[in-house]
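Please read the following report beside the sequence and the coordinates, taking each section as a guide to one part of the model.

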Protein chains: 2
Amino acid sequence: MTHRVVLVGAGFGGLYAAKALKGAPIDLTVIDRRNFHLFQPLLYQVATGGLSPGEIASPVRHVLSRQRNARVWLAEVRDIQADRRTVLLDDGEAPYDTLILATGSHDSYFGHDDWERLAPGLKTIEDATEIRRRILLAFECAEREPDAAERRAWLTFVIVGGGPTGVELAGALGEIANDTLRHDFRHINPAEAVILLVEGTDRLLPTFPPDLSAKAERALTGLGVRTRTHTMVTELDRAGVSVRTGGSVERIPAKTVLWAAGVEASELGKIVSERTGAPLDRSGRLVVGPDLTVPGHPEIFVIGDLANFSHQTGQPLPGVAPVAMAEGRYVARAIRTRLRGETPPPFHYFDKGTLATIGRNQAVAAFGRLHLSGPIAWFVWLFVHLMYLVEFDNRLLVLVEWIYDYITRNRGARLITGGQERS
Amino acid sequence: MTHRVVLVGAGFGGLYAAKALKGAPIDLTVIDRRNFHLFQPLLYQVATGGLSPGEIASPVRHVLSRQRNARVWLAEVRDIQADRRTVLLDDGEAPYDTLILATGSHDSYFGHDDWERLAPGLKTIEDATEIRRRILLAFECAEREPDAAERRAWLTFVIVGGGPTGVELAGALGEIANDTLRHDFRHINPAEAVILLVEGTDRLLPTFPPDLSAKAERALTGLGVRTRTHTMVTELDRAGVSVRTGGSVERIPAKTVLWAAGVEASELGKIVSERTGAPLDRSGRLVVGPDLTVPGHPEIFVIGDLANFSHQTGQPLPGVAPVAMAEGRYVARAIRTRLRGETPPPFHYFDKGTLATIGRNQAVAAFGRLHLSGPIAWFVWLFVHLMYLVEFDNRLLVLVEWIYDYITRNRGARLITGGQERS
């Protein structure tokens, strides 16, 4: 019987594993609860009206349509029976010889689960259109608000978390307020919007070299964004946030609060831990061995944001797309190696560099000792992301849209859809 | 004091009136409950994954941003006080000297309001993404359905109503089943999908010349669509529909039913009728005078799908975009004429022709006695729609996307978003 591989999750890790298994003598079942792969690094562009959801999502089925050893199931995994080597779905089951788990992560509110409704994060298409709705609606409400204090609250945007997502959101909001909406209102001046980026540690982009953190902060300031480090959110409600900087607490009236403060691994980690005894870290990630498998279960691979792999530097590899893609490719190679009766070498991650964009012409990039910022970094960022999209799904259109938006400084996808209530 | 014009509804009629009032010595307030103008003729492309919502929607505020005499309010109209010349909003009011009502129409289920949930119509962006979700999900569920009868029900699509919207949806569904999804599945053959177009009268496209109805039917048959005329839906539930053709009733198991059977005017018609005594027709439209005003209220204009204008042919003008646009432009001219102290001439509609598309290379068009079909009609259809988009909002991108999709036979925006339940 053909070796059965079941792969759960079609994000960067999962889909790269699936593609790298093309032509392998296996029977591959790819399971995801969504029908599309999402290019998460550009999700902030959907949240800020620059791109449409369809432009950063590709149907998993379409991506794998020519790969004859793969089938795609739209289903949700409920449990795993490691002894029976079977994945239990909401409506059926899938037996495996090798299992690859790549279900990723979701926003973490650090125990404040009630904040999720008040301050949406940016992990799904629905998150992005909800954030877009709130941002655009805030300007609309400000335009018609007679009370000055209320108007100011509508025009105050707080972004919690100064990592790459927070920086990208803040930069895009700065451009919206200063450029995109410049001529659109009669009673308010969008450029008077207050965009506040709050970070708990001592600098923005804490995983980047300090000189690039400083450059990112300067670039954001140039876009009118106020940044506040060493600052934690202590309260959050419909009227605003309370933030603590050192010993002093300040109340900031704000109708729009966005969450980019951190993630935790998918629930599946806990289930696998209970079924196999595999250790979980504090973020809910499964601690994996040097070959990315669960201890005692060499047939279960864990990759991407769901995995804690610390064998290389002593620190877990970061939850970013390049790591997940490298892990996906490694697992595919490891499976092929094993099918030949050999033992795969341990996983080793070659760090190609880190990038974050801030806005039109502004980005920061670290490639080992080479640090770039400004327009050069921005073009590198653009090139890397477009190359991925083009390689992946011939998404040349996104390039066209960007060139167009770049020239016209427009953002075409400014739709308020979904929930109709306005507060 | 400047003459105050309040315009409700930024569809084709409203937005063309607003644009044609550019530079007029008035104070214009445009009110809509959505923040975008929707290019409804291409909504079926969103419903079938060919275009993204953002590509057929333009923010009203953006369209009017350079028009200094216009402000835009995101608000919903609750009532009208004709004696006070004031529009009551959900959160405020707007006094007017001239009022233009252009709130359009919505799907009519002819008394079966419970069918709306079962068989969505195609009037809003949310409708379109919901239809897209149901179509794509049906193929996904069929792929994993072990029972042959159930699988057949998942692969059966019933479209109720053989007007332009029904024909366009059926044609696009035929292409999806035969072309787009051809290589995507392992257990089902999408080309075996049954697409049934049901029309109550004796032919498809009843408002078109009979020879074009026949051509549309042949083109649909070529795409694998089965058409059934003289047929009414008598029952509709989650498992399928019952249809009556002549005296015989047939039960058709189908998990996906789409509604394109007719529209009725917006609720505002009833309110205005109560407040002013203006007559309503059976579809809820306000019967207007030769100058598109409400009887006894020369300061209230009604245009587009909300108006019943029968002074030209004895029949009401059809509820299509060209009529609404012409009425919008007329009202703008009439207001300017009155401001000069003159009386505007009555409205006269010059019929430029009718178009409906069926699929790649297939359309029908009637320009007076000139009837076109096939690729020529399709290129005319494409040209007319793209010219509108380009003129309106520089939507060259849609052209690029279409050329791309045309060459690759792909549909890029195949996302299942929103509600997660799968039945």
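## A loop residue of chain A

Once its neighbours within four places in sequence are set aside, A:Ala239 is in contact with A:Ala153 and A:Pro253. In this predicted model, A:Ala239 belongs to the loop that joins strand 14 (231–237) and strand 15 (240–245) of chain A. A:Ala239 counts as exposed, because 12 other C-beta atoms lie within 10 Å and the limit for that class is 12 or fewer. Between the C-alpha atoms of A:Ala239 and A:Ser105, which are 134 residues apart along the chain, the separation is 29 Å.

The domain assignment divides chain A into domain 1 (3–33 + 75–107 + 264–339) and domain 2 (115–261). Taken over C-alpha atoms, the centres of domain 1 of chain A and domain 2 of chain A are separated by 35 Å.

Strand 9 of chain A pairs in the parallel sense with strand 1 (residues 3–8) of chain A over four bridges, and A:Val8 stands opposite A:Leu101 in strand 9 of chain A. A parallel pairing over three bridges also links strand 9 of chain A to strand 21 (residues 297–302) of chain A, where A:Ile300 in strand 21 stands opposite A:Leu99.

## Residues with positive phi

Most residues other than glycine have a negative phi. Against that background, A:Leu205 has a positive phi of about 45° although it is not a glycine, and A:Leu205 is found in the loop between strand 12 (194–198) and helix 8 (210–222) of chain A. With 25 other C-beta atoms within 10 Å, A:Leu205 is buried, the threshold for that class being 20 or more.

In chain B, the phi of B:Phe110, which is likewise a residue other than glycine, is positive and near 50°. B:Phe110 lies in the loop between strand 10 (105–107) and helix 4 of chain B, and with 11 C-beta neighbours inside 10 Å B:Phe110 counts as exposed.

## Helix 4 of chain B

Helix 4 (residues 115–118) of chain B contains B:Leu118, which counts as partly exposed with 15 C-beta neighbours inside 10 Å. Leaving aside its neighbours within four places in sequence, B:Leu118 is in contact with B:Leu236, B:Asp237, B:Arg238 and B:Val257. From B:Leu118 to B:Leu74, 44 residues apart in sequence, the distance is 30 Å, C-alpha to C-alpha.

## A hairpin in chain B

Strand 23 (residues 354–359) of chain B is largely enclosed by the rest of the structure, because five of its six residues are buried. Strand 23 of chain B pairs in the antiparallel sense with strand 24 (residues 362–367) of chain B over five bridges, and B:Gly359 has B:Gln362 in strand 24 of chain B as its bridge partner. The two strands, strand 23 and strand 24 of chain B, form a hairpin with two residues between them, and B:Asn361 in the turn has a positive phi of about 75°.

## How the two copies meet

Chain B is superposed on chain A by a rotation of 180° with 0.0 Å of shift along its axis, at an RMSD of 0.0 Å, and the two copies are therefore related as by a two-fold rotation axis. The C-alpha of B:Ser52 is the one nearest the axis in chain B, at 3.2 Å from it. The same surface serves both copies, since 100% of the contact residues of chain B recur in chain A.

Across the interface, 34 residues of chain B are in contact with 34 residues of chain A. On the side of chain B that touches chain A, at least two residues each come from strand 4 (57–59), helix 3 (60–63), strand 5 (70–74), helix 5 (125–144) and helix 12 (396–408) of chain B, with helix 5 of chain B supplying the largest share, five residues. The residues of this side divide into 14 nonpolar, eight polar and 12 charged.

Helix 5 of chain B is also mostly covered, in that 15 of its 20 residues are buried. At 1.5 Å a residue, the 20 residues of helix 5 of chain B should span 28 Å, and the end C-alpha atoms are 29 Å apart, which agrees.

Conventions: Residues are numbered from 1 along each chain as its sequence is written. Chains are lettered from A and ligands numbered from 1 in the order in which they are written. This is a predicted model: local features need pLDDT of at least 70, side-chain atom pairs count only at pLDDT 80 or more; totals for chains, interfaces and linings use all residues. Copies are superposed by least squares on the C-alpha atoms of residues with pLDDT of at least 70 in both. Two residues are in contact if their C-beta atoms, placed from the backbone, lie within 7 Å. Ala, Val, Leu, Ile, Met, Phe, Trp, Tyr, Cys and Pro count as nonpolar, Asp, Glu, Lys and Arg as charged, and the others, Gly among them, as polar. Two strands pair if DSSP finds at least two bridges between them. Domain bounds come from an automatic or database domain assignment. The expected span of a helix is 1.5 Å times one less than its number of residues.
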